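Work through these exercises with the model open beside you. Try each task before you read its solution.

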Amino acid sequence: MSERLITAADVPALLAGAEFFSTSAAGEGIDFAGVWLGDILDHTGPVRLVAAGDLDPGTACAAIGAMGSTTAMAELPPSGDEPAVLARSLEGRCGPLGAVLPLNAASVNALFPVAAAALLGLPLIDCDGMGRVFPLIHQTTFELAGLSLAPMAAVSAGYDSLLLETGSARAERLARVVAQSAGGWLLCALYPTRVGELAGAAIPGSMSRVLEVGRVLLAHAPGRPAWTGGPAQPPWESSPSPDGGPSWEGGPFREGGPGARRAVAPHERLLAELTAVTGASVLGGGRLVEIGPSVRQAAALFPGNPVGLAVHDHDSGRLIRIEAHNELILALSDGSLAAAVPDLLCLLDRGTLRMTGPGRLTAGDLVDVLVVPAAPLWHTIPGLALGGPGAFGFPLRHPKEASR
C-alpha cells in the first residue's frame with residue numbers, strides 16, 4: 001500500500017503547492033480555502049491519500065472541482081455541506097461513491113477535493129485530470145481518454161443543485177451560466193467512473209507533487225530555514241556565510257582571490273530545488289518592464305482577463321513577453337515562441353520568494369519565469385488540440401509540435 005495521510009498540518013504546503021501549479025494568474029486569492037480546509041481537517045481528522053492501484057478497480061469514484069470566480073468563493077465561501085449534496089446527486093445514477101479525486105490539483109481545486117474526501121469519509125486518489133489549471137472543465141486527460149464527463153452534479157453556495165446529462169462542451173456552457181447566476185461559483189462532481197478506468201486517463205501522483213513543491217516553497221519562505229530535508233547538501237551549501245547573507249557556490253566561503261565563488265542568491269537556491277522536483281526549466285528572469293491589458297482578446301468561450309507582461313532577462317538581454325488569459329498561456333523570447341500551454345508557465349517573485357501573477361505585480365518587480373512540462377498525454381496531437389495554443393485562439397504551433 002502506498003497510502004499516506006493528509007492532515008491539518010499539511011495545509012500550508014498544500015496551499016503553497018496549489019499556487020505553484022495554478023500557472024500564477026489563477027492562484028490569486030485562494031488563502032481562504034486553506035483556512036476552510038484546515039478547520040475541516042481539525043474536525044474530521046486526516047484524509048487517506050491513496051494510489052488508484054491500491055483500491056478495488058470496481059470502486060465508484062468521481063472528480064471534484066470548483067468552477068467560477070475565486071473572488072466570489074472568498075466572499076461567499078462553501079459551508080461544508082456541498083460534498084454531501086454532490087454525493088447524493090450522483091448516487092442515484094452511479095451508486096455510492098467509494099473514493100474521490102481532484103479534477104485538477106491546482107489553485108482551489110487542489111484543496112476542495114481534500115475537503116470533500118474528509119467530509120464524506122472517503123479516500124482521495126493521488127491523481128488528477130489536468131496537472132495544472134485549465135479554464136474549461138472538459139480540458140482534461142479524462143476527456144482525451146474517452147471518459148464521459150456526465151452525469152455531472154453541481155451545487156452552488158445557495159444550495160441550488162443540478163444534475164447534467166449532456167456532452168462535455170455543452171455541460172461547460174450550461175454550468176457556467178448557472179454559476180454566474182447563482183453566486184459566481186459551483187462545486188462539481190464529474191467524470192464519474194470506476195477506479196480501474198483511471199489507468200491511462202488520469203495523471204498519477206498529482207497531489208503528492210503539489211505537497212512536495214509546497215514544502216520546498218515553505219522551506220524557502222522568508223524567516224524560515226533555507227533547507228529542511230531531502231538529499232544531503234555539501235557543508236558550504238547548507239551553512240550560512242559569516243555575515244548571515246547568502247551562502248557561496250562551489251566551495252567554502254572566501255573573501256577574495258582565485259578561490260572565491262559567486263554568492264548564491266536566495267531565489268537561485270529556490271529555483272534549483274523547484275527545477276529538481278518538477279523537471280522545470282528556467283526561461284529567464286529579471287525586471288518586469290511592462291504589464292497591462294493584452295491587445296489580444298480571449299475567445300468568447302474562454303473566461304479570461306487578457307493581460308500582457310514583459311520581462312527583461314538580465315543575463316541574456318532578451319525580452320520575454322507573456323500572454324495571460326487568467327492563466328499564463330504562452331511566452332515569446334525576442335519574438336519567438338519559447339513556451340506555451342499545455343506546459344505550465346510560473347512566475348516567482350524574487351522579493352517574496354512566492355509564486356506570483358499579474359494581480360500581485362507592478363512594473364519594476366523582479367521575477368523568474370519557469371516552464372514546467374505537462375504530462376505526456378498533453379503533448380499528443382489530441383492533447384495539443386484540446387489544450388495547446390490553438391485552443392486559446394493563438395494560431396501557433398507548440399514548440400514540441402514544431403520540432404517533430
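This is a predicted model: local features need pLDDT of at least 70, side-chain atom pairs count only at pLDDT 80 or more; totals for chains, interfaces and linings use all residues.

## Exercises on strands, helices and burial

**Exercise 1. Give the strand order of the open sheet of eight strands, and name its edge strands.**

Step 1. Write the order: β15-β14-β13-β12-β11-β18-β16-β17. The pairing is antiparallel.
Step 2. Look for strands that pair on one side only. These are β15 (336–340) and β17 (354–356), the edge strands.
Step 3. Helix α10 (residues 266–278) lies across β11, β16 (344–349) and β18 (366–372). It runs at about 10° to β18.

**Exercise 2. Describe the packing of helices α1 and α8.**

Step 1. Two packed helices are described by the angle between their axes and the distance between the axes.
Step 2. Read them off. α1 (residues 11–20) and α8 (residues 206–219) pack at an angle of about 100°, and their axes are 7 Å apart.
Step 3. Classify the angle. Values of 65 to 115 degrees count as roughly perpendicular, so α1 is roughly perpendicular to α8.
Step 4. List the residues that meet. From α1 they include P12, L14 and F20; from α8 they include M207, V210 and L217.
Step 5. Sort the contact by class. It has 12 nonpolar, two polar and one charged residues.

**Exercise 3. Is strand β9 largely enclosed or open, and which strands pair with it?**

Step 1. Count the buried residues. In β9 (residues 185–194), nine of the 10 residues are buried, so the strand is largely enclosed by the rest of the structure.
Step 2. Take β3 (residues 60–68). It pairs with β9 in the antiparallel sense over eight bridges. M67 stands opposite L186 in β9.
Step 3. Take β7 (residues 152–156). Four bridges join β7 to β9, and these strands run antiparallel. A154 has C188 in β9 as its bridge partner.

**Exercise 4. Is A60 buried or exposed, and which residues does it touch?**

Step 1. A60 is in strand β3.
Step 2. Apply the cut-off. Buried means under 20% relative accessible area. A60 has 5% relative accessibility, so it counts as buried.
Step 3. List its contacts, leaving out residues up to four places away in sequence. A60 touches C94, P96, L97, G98, A99, T193 and R194.
Step 4. Check one distance. A60 and L97 are 37 residues apart along the chain, yet their C-alpha atoms are separated by 5.0 Å.

**Exercise 5. How many residues of helix α5 are buried, and what follows the helix?**

Step 1. Count. Seven of the nine residues of α5 (residues 112–120) are buried, and the helix is mostly covered.
Step 2. Name them: F112, P113, V114, A115, A116, A117 and A118.
Step 3. Step past the end. Just after α5, G121 takes a positive phi of about 70°.
Step 4. Buried residues make up 53% of its 404 residues. The protein has 12 helices and 18 strands.

Conventions: Residues are numbered from 1 along each chain as its sequence is written. Side-chain values use heavy atoms; hydrogens and water are left out. Two strands pair if DSSP finds at least two bridges between them. Helices (H or I, at least four residues) and strands (E, at least two) are DSSP runs, numbered from the N terminus. Contact means heavy atoms within 4.5 Å. Axes are lines fitted to C-alpha atoms, for helices over the stretch in contact, and angles run from 0 to 180 degrees between N-to-C directions. Angles under 35 degrees count as roughly parallel, over 145 as roughly antiparallel, 65 to 115 as roughly perpendicular and the rest as oblique. Ala, Val, Leu, Ile, Met, Phe, Trp, Tyr, Cys and Pro count as nonpolar, Asp, Glu, Lys and Arg as charged, and the others, Gly among them, as polar. Buried means under 20% relative accessible area, exposed over 50%, partly exposed in between (1.4 Å probe, protein chains only).
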